[in-house]
Amino acid sequence: QGYVLEAVNKLFSTAEADPPTLVQLIADKTLLSSKGTEVVVLEHDDAAAAEAGADIAQLENDFRSYAESPGHMRPSFKKAHFLLPTGRDDHATTAIHTFVRYGGGVHMLVSKYTVAELKQQAFLFVAIRRELGDDDPEDIENEKQKDELKEAWHTFLKVTQGQTTDLPELSDELPAADELPESWSEVKVCDAVLKLTSSPHTLYCGEGRSLHHDRKQIHEVLETMNDDERLERGVAKTVEL
């Protein structure tokens, strides 16, 4: 009842009043507003909790069988819902700087870039575009420079337009340099990104009623956040689990 999430303790100094407990946060998600933190409580579901418990029991049984009889097929971690997603061939699973620490309950604190930082990231494309001048980007011989230009262009589109899919290739026409912002402070951040950055931090937590259900839910949120087609990936600066 009196458990305080480790991430919440981190937000409070020792001189401040006692930080809210998990039970209090579940009852009132606005308790961390003064700390610039949005609270997202992942709701408990009895059926999902039973399934999560059965999954881990099956995995434990698979490992026990493998240890006792090495001839058995080695269990795979790829589909296991451990805290960190692993073994995905189609996308990165730790694209965001991710830190793991011991805790009494499964939760995740996402710290985000400020609007100013995102503007500066987007403006990198402007600088590269101006340096390119009238040259054809396809003629750039250095592959690393090509990749940097493409990545900067995509970042600019994500920040200014919220575009994460159907991103252009270097064979597509680049915007004219004189159509781009003169300085980083003039970069216009789209509404979708502004909404995501309205709180400097977002805290995700389960209700603390099932360790494996909470773990599975946090796992799924983290995997989704690492998807390159999600704006959250570009906005998140660090993740602490």
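Contact here means that heavy atoms lie within 4.5 Å. Helices (H or I, at least four residues) and strands (E, at least two) are DSSP runs, numbered from the N terminus. This is a predicted model, in which local features need pLDDT of at least 70, side-chain atom pairs count only at pLDDT 80 or more, and totals for chains, interfaces and linings use all residues. Residues are numbered from 1 along each chain as its sequence is written, and side-chain values use heavy atoms, without hydrogens and water.

**View 1. Helix H4 against helix H5.** H4 (residues 115-132) and H5 (residues 143-161) pack at about 135°, and their axes are 8 Å apart. Because of this angle, H4 is oblique to H5. (Axes are lines fitted to C-alpha atoms, for helices over the stretch in contact, and angles run from 0 to 180 degrees between N-to-C directions; under 35 degrees is roughly parallel, over 145 roughly antiparallel, 65 to 115 roughly perpendicular and the rest oblique.) From H4, residues including Leu118, Phe125 and Leu132 take part in the contact, and from H5, residues including Leu149, Trp153 and Val159. By class, this contact has twelve nonpolar, two polar and one charged residues. (Ala, Val, Leu, Ile, Met, Phe, Trp, Tyr, Cys and Pro count as nonpolar, Asp, Glu, Lys and Arg as charged, and the others, Gly among them, as polar.)

**View 2. Helix H3 against helix H7.** The axes of H3 (residues 46-68) and H7 (residues 211-225) are 8 Å apart, at an angle of about 95°. The two helices, H3 and H7, are therefore roughly perpendicular. His212, His213, Arg215 and Lys216 in H7 meet H3 residues, among them Glu51 and Asp55. Four nonpolar, three polar and four charged residues make up the contact of H3 with H7.
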